[in-house]
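Okay, thanks for making time. I'd like to walk you through one model today, from the overall fold down to a few aromatic rings. Let me put it on the screen.

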Amino acid sequence: MKEAGRATDRVASGVGLVVRRKRWLPPLLHPRAGRRMPPELTPEKVYWQATELREGVRGEGFRNLLQTIDQGPLHRDGQITPYFDGASAFAEMLAALAGAQHEILLEAYIISADATGQAFLAELTAAVERGVVVHVLADSFGSSRTRRDFWNLLRRGGSRFRLFHRPRYAPVSWLPILDHRKLLVIDRQLAFTGGMNVADEYRTGVAGEPAWRDTHVKMAGGIAWECAVLFGESWLASGGDPMRFGPHLTGTQKTAMDCLLLDSRPGRGVQEVYAAFAAIIGAARERLWITNAYFAPNRQILNCLKRAAQRGVDVRLLLPRQSDIPIIKAASRGYYSELMAAGVKVFEYLPAVLHAKTVVADAYLGVIGSTNFDFRSFAFNHECNVLSYDADLARALEEHFLLDIGQASRIEPGRWSGRPWWRKWLHRGARALAPVL
C-alpha cells in the first residue's frame with residue numbers, strides 16, 4: 001500500500017475488505033524512492049513476459065505483473081468518469097470546488113490568469129471564506145506567463161500557494177525538473193487528473209483558435225485519497241510544510257472498477273512507469289490505440305511498439321498535426337518511417353492542437369494522464385496517470401479514439417517516403433535531439 005505497512009489492522013465490512021491505518025504514521029508512496037528495479041523487471045524483459053501471458057491484459061497474470069512492477073495499491077472501489085473536452089471537464093471541476101467542505105488541493109503545470117483561471121480563483125476564494133483549507137501549487141516554468149498580480153490575488157483570497165521550482169531532492173547537475181501533474185482533489189474523496197491545465201486553451205480556445213483536444217477524468221474512491229498523498233509529495237518538494245493524513249478506509253462496491261495510480265518523479269517511479277507501459281504493450285493481443293501530444297520515445301518503448309505490430313496487434317498512434325512545440329512535432333515525425341515499416345498505423349489530428357495522453361488496449365485496459373511518450377515525461381517530470389481495468393471506460397476511450405481518427409489524416413508510407421529531402425533531414429535532426437527536448 002502507499003502507506004506505512006506496519007501497525008495495520010484489517011476488518012471485514014459489508015462491501016469488502018477495509019484497511020485502517022494508524023493516524024500517526026505518515027503515508028508512503030510506492031514505488032518507493034530509490035528502489036532498485038530487479039533485473040527481471042526491466043522494460044525489455046517485462047515486455048517479453050507480458051507477451052507470454054495467456055489472457056493478455058484481461059488476465060490475473062497481467063495484474064500480478066503490474067503490481068510487482070508498481071508496488072502500489074490496486075483500488076477496487078474506483079469510480080471514473082472521462083471527459084473529452086475542456087468545457088465539460090472544467091464545468092465538473094468548478095462544481096466540485098463549489099461543493100468542497102474541508103479541503104481543496106490544486107496542482108497544475110499551468111495556471112493562467114485568463115477567464116478559466118479567474119473562474120477557479122473565484123471558487124477558491126469562496127471556498128476559503130466558508131472555511132475550506134485550500135492548497136494551490138503551480139509549476140514556475142509552466143506558469144511563467146502568469147503575472148504576479150494573479151498569485152497575489154490568490155494569496156489574499158486565503159489560499160496557501162507555492163510555485164514549484166527545482167525540488168530539494170534534485171542535484172544541481174540534473175536537467176530542469178517540472179511539475180507536470182494536473183491534480184484537483186476535493187476533501188480527499190473526489191479527484192481529477194489527466195492532460196488539462198487551468199487555461200482557456202482547453203475550454204474555449206484562444207486567439208480565434210479552437211479549443212485544444214484533451215482528456216481528463218473524475219475519480220472517486222480510495223484512488224482520490226492516494227491523489228491527495230501524491231499532491232503532498234509535490235507540495236513538500238516545493239518547500240511546503242508536510243501534510244497530515246488521517247486513517248484511510250478502502251472497500252469494494254458492486255458498481256466500482258479496479259484502478260491503479262501510475263505516478264512518477266525523478267528518483268521515484270521512473271523505471272516503474274517505463275516497465276508498466278512496456279507490459280501493457282506486450283500484453284495487448286488485438287489492438288493498442290495510443291493518443292499522445294508529444295511523442296519522442298526512447299529505443300526500448302519504440303522497439304516494444306514495433307514488435308507488437310509485427311506480431312499482429314493493431315497498433316495505432318494518434319499524434320498532433322498542430323502543436324504548440326514545433327520541435328517536438330518534428331522529432332515525432334522522425335520516428336514515422338521506422339514505425340510504419342513495422343506495421344504501426346500513424347495518424348495526425350487535424351482540427352485543433354491535440355494535447356491528450358491516453359492508451360487503450362483490447363477494449364479492457366485504459367490509461368489517462370499527463371505522461372507523454374518522451375524523455376522528459378519519463379525521466380524529469382512529476383507525472384500522474386490512472387490505469388483502469390474496466391470494459392465500459394475502455395469502450396468510451398475506443399469510441400472517442402475512432403471519432404478522433406475520423407478527423408485525422410493517416411500518414412501513408414509511400415507518400416511519406418517521397419517528402420522533400422530537407423524535411424527528412426529536419427525530422428532526423430529533431431529526433432536526434434529528443435533526449436534533451
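The box around the C-alpha atoms, along the principal axes, is roughly 65 × 50 × 45 Å.

Quick housekeeping: this is a predicted model, so local features need pLDDT of at least 70 and side-chain atom pairs count only at pLDDT 80 or more, while totals for chains, interfaces and linings use all residues. Numbering starts from 1 along each chain as its sequence is written, and side-chain values use heavy atoms, with hydrogens and water left out.

On secondary structure, we have 15 helices and 18 strands; those are DSSP runs, H or I of at least four residues for helices, E of at least two for strands, numbered from the N terminus. Of the 437 residues, 57% are buried, where buried means under 20% relative accessible area, exposed over 50% and partly exposed in between, with a 1.4 Å probe and protein chains only. And look at the contacts, meaning heavy atoms within 4.5 Å: among those between residues at least 6 apart in sequence, 81% join residues at least 24 apart.

Now the rings. How many aromatic pairs does a search of the whole structure find? It finds 17, counting rings of Phe, Tyr and Trp (its six-membered ring) with centres within 6.5 Å; planes under 30 degrees apart are stacked, over 60 edge-to-face, and the rest tilted.

Take Y202 and W212: their ring centres are 5.3 Å apart and the planes sit at 65°, so that's edge-to-face. Y202 is in helix α6, residues 200-203, and W212 is ten residues away, in the loop between α6 and β10 (216-220). Y202 is buried at 3% relative accessible area, and W212 is buried as well, at 13%.

Then there's F277 with F378, also edge-to-face, because the centres are 5.9 Å apart and the planes are at 85°. Here the pair links helix α8 (residues 270-283), which holds F277, to helix α12 (residues 375-379), which holds F378, 101 residues apart. F277 is buried at 4% and F378 at 2%.
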